[in-house]
Amino acid sequence: MAAPLLEIDDLRVGIRSNAAAEILRGVSLTIERGETLAVVGESGCGKSLTSLSVMGLLPDGLEKRGGTIRFEGAILPITDNEAMRRIRGRRIGMVFQEPMAALNPVFTIGDQVAEVILEHEAVSRADAMARVVDLLARVGLPDPAQIAREHPHRLSGGQRQRVVIAMALACRPDLLIADEPTTALDVTVQAQIMRLLQELQRDLGIAILLITHNLGLVAQVADRVAVMYAGRKVEEAATAGLFAAPQHPYTRGLLAATPRPGRRRAGEPPLTEIPGVVPSVTELLSGCRFRPRCAFAGDVCASVDPAFGGRVACHFPQTVELVPGVVT
Amino acid sequence: MAATARRIPMRFIGKRLLHAVVTIFGIAIINFFLLQLAPGDAADALAGESGTADPEYLANLRREFGLDRPLLEQLASFLMRIARLDLGYSFRYNEDIAHLIFHRLPATLLLMVTSVVLALGIGILFGVTAARYFNRLPDRLISLVALLLYATPPFWIGLMMILVFSVQLGWTPTGGMRDIAASSKGFAGVLDVARHLALPALTQAFFYLAIYTRLLRAGMLEVLNLEYIRVARAKGISERRISYVHALRNAVLPLVTVVGTNVGGFLGGAVLTETVFSWPGIGRLMFDAMFQRDLNLLLSILVLSSIFVVLANLVVDLLYAVINPTVELR
């Protein structure tokens, strides 16, 4: 069997100035060609940091402590910029959360998209520009030739995100990392952007690593879901299975806190919240890091951090199925 | 990346030039009265030098220079002369002022262009390097040098450089613009001027350099943390290109304003440098005119200086629109 497209194994990232503070505490994820993996979790659980590690773009002050990231079987250097540069933008594209801030205000749209192509491929400027216009049309921008000549401040947020997507896909990468691609956009625009991403995925066969906290989005587009909590993956399953029968108490809490039309009529209880807050990375906490907020925690949870066992990292995985419409 | 070609905003320039004329006349009037407040006039200065204070001689001189007429009449004739672009006559130098100034202007312009270009080139290199190596050794060294240059008075740097490079090492002349003995033609002439230019240009450049470095470093640090820089990195762009193309183009905006101010106010700064290095430019002419109470000449130089400031501001505004596409001139 061929190697998976992307394989993250036991990735550990910590704060350079504090040996005890670990933000990613052994994250393992696998993405096959052409599939969509969604990574969900609260703010600060390390999902964005995981994607930045794949790109070799760890922020200053953080360091890799262990683990490997393989792309098509080859180990990525994670921090070595020169080697990563040939992969970034060419083999792996990335779409960020803030389209309003993602484009350089002083260069035209065309120049910014063409720059990726010119950086990675030996093509003439004219050829690159022609491809840019095609790309802008492909991501659904009206009058692409005109837009290529405009500067970013003339475009709306949704249009700019389309430009960023065009930029990420300009060199036909195998993997697209989309870090909260729709969070900053209007709801109607969100749906358009997600539909665009799905279309592009179907047409180009790219794999998508979707980082989000929007479970509604996950249900619509993801093949598999990985749930992260406090720097670890706590549960992973095919989308349908995860939504029907979440096993980790945290996953169940997330689902119980997600609004859905018709929920009341189906006789479900009102939305519940997960009590407490995510522990800080510097907090010393033995055992399972979800324990202080968990209703199912037992004695063993205080001493032993549960290992990930194929589906879930929990001493007391819940097995009662959530028949759609009923919460136990 | 190519900047988009844009039409020249003629309407904007026309409007601004109109404002400029009003501004320049306003400055001229203020200058005129300010200089009247200073005690003594050209006649006093001349009389002081020739050693006579014969009242009749003084009155004669004043009548000859038109200094005995009512103040408002003097002002009116001064303004009329400016309007006709006729700067008048310097009784001290016995020369047409326009001729005098345009004879001295190239030396000052040469000094200005050389020092600003030097300061900009090195300042950009320093500022970008410091920001790229934030809080590491290159940044610390550059910041220290910039602070020292910023804190040291330019005339003192000038004197010290004369001491070291001219007196001790004998590499450069101590002052002037040309060697009397040297050939003034061809390559030898250029070399001769360059040797004379080196110290005054460096002295002037050092001060600007300190400002530009600090300003650019701060600007770069801010821009390098912005989201679009991360996006550029995600595109696989090299760090060098990210710094010098993506970030610099945004961080350079405040620098343009300051360079404009420096160019506009160059005559003021040049007084010291030109005096220390006896550089035959406008600054020294202004200095001499002041002590000799040659008000005609002094006023003319001040008018020229205000034209400099106004033009530099206009150029800065036009440049802004070129560098920053979100600025639209109206």
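Author: A pocket is an open set of grid points with protein on both sides within 12 Å along at least five of seven lines. This model is predicted, and its largest pocket has a volume of about 1200 Å³.

Reader: What makes up the lining of the largest pocket?

Author: A lining residue has an atom within 4 Å of a point. The lining of the largest pocket holds 31 residues, and L58(A), P59(A), D60(A), R233(B) and E239(B) lie nearest the centre. At least two residues each come from β4 and α2 of chain A and from α5, α8, α9 and α10 of chain B. By class there are 12 nonpolar, seven polar and 12 charged residues.

Reader: Why is a cavity not called a pocket?

Author: In a cavity a 1.4 Å probe fits but cannot get out, whereas a pocket is open, so the two words are kept apart. The structure holds five cavities of 30 Å³ or more, and about 90 Å³ of space lies in the largest cavity.

Reader: Which strand gives the most to the lining of the largest cavity?

Author: Strand β10 of chain A, residues 232-238, with three residues. Among the lining residues are R232(A), K233(A), V234(A), H248(A) and D305(A). The lining divides into six nonpolar, one polar and five charged residues.

Reader: How do you know that the buried residues of α4(B) line one face of the helix?

Author: The buried residues in α4(B) are Q74(B), L75(B), F78(B), L79(B), R81(B) and I82(B). Seen down the axis, they fall within an arc of 155 degrees, so they line one face. L72(B) and A83(B), on the other side of α4(B), are exposed.

Reader: What span should helix α5 of chain B have, and where does its kink lie?

Author: Its 36 residues should span 52 Å at 1.5 Å a residue, and the end C-alpha atoms are 50 Å apart, which agrees. In α5(B), a kink of about 35 degrees lies at L105(B), shortly before the proline P106(B).

Definitions and conventions: Residues are numbered from 1 along each chain as its sequence is written. Chains are lettered from A and ligands numbered from 1 in the order in which they are written. This is a predicted model: local features need pLDDT of at least 70, side-chain atom pairs count only at pLDDT 80 or more; totals for chains, interfaces and linings use all residues. Side-chain values use heavy atoms; hydrogens and water are left out. On a 1 Å grid over the protein atoms alone, a cavity is a set of points where a 1.4 Å probe fits but cannot get out, and a pocket is an open set with protein on both sides within 12 Å along at least five of seven lines; lining residues have an atom within 4 Å of a point. Grid points are joined across faces, edges and corners, and a volume is the space filled by probe spheres set on the points. Helices (H or I, at least four residues) and strands (E, at least two) are DSSP runs, numbered from the N terminus. Ala, Val, Leu, Ile, Met, Phe, Trp, Tyr, Cys and Pro count as nonpolar, Asp, Glu, Lys and Arg as charged, and the others, Gly among them, as polar. The expected span of a helix is 1.5 Å times one less than its number of residues. The bend at a residue is the angle between axes fitted to the seven residues ending there and the seven starting there. Buried means under 20% relative accessible area, exposed over 50%, partly exposed in between (1.4 Å probe, protein chains only). The arc is that of the directions from the helix axis to the C-beta atoms.
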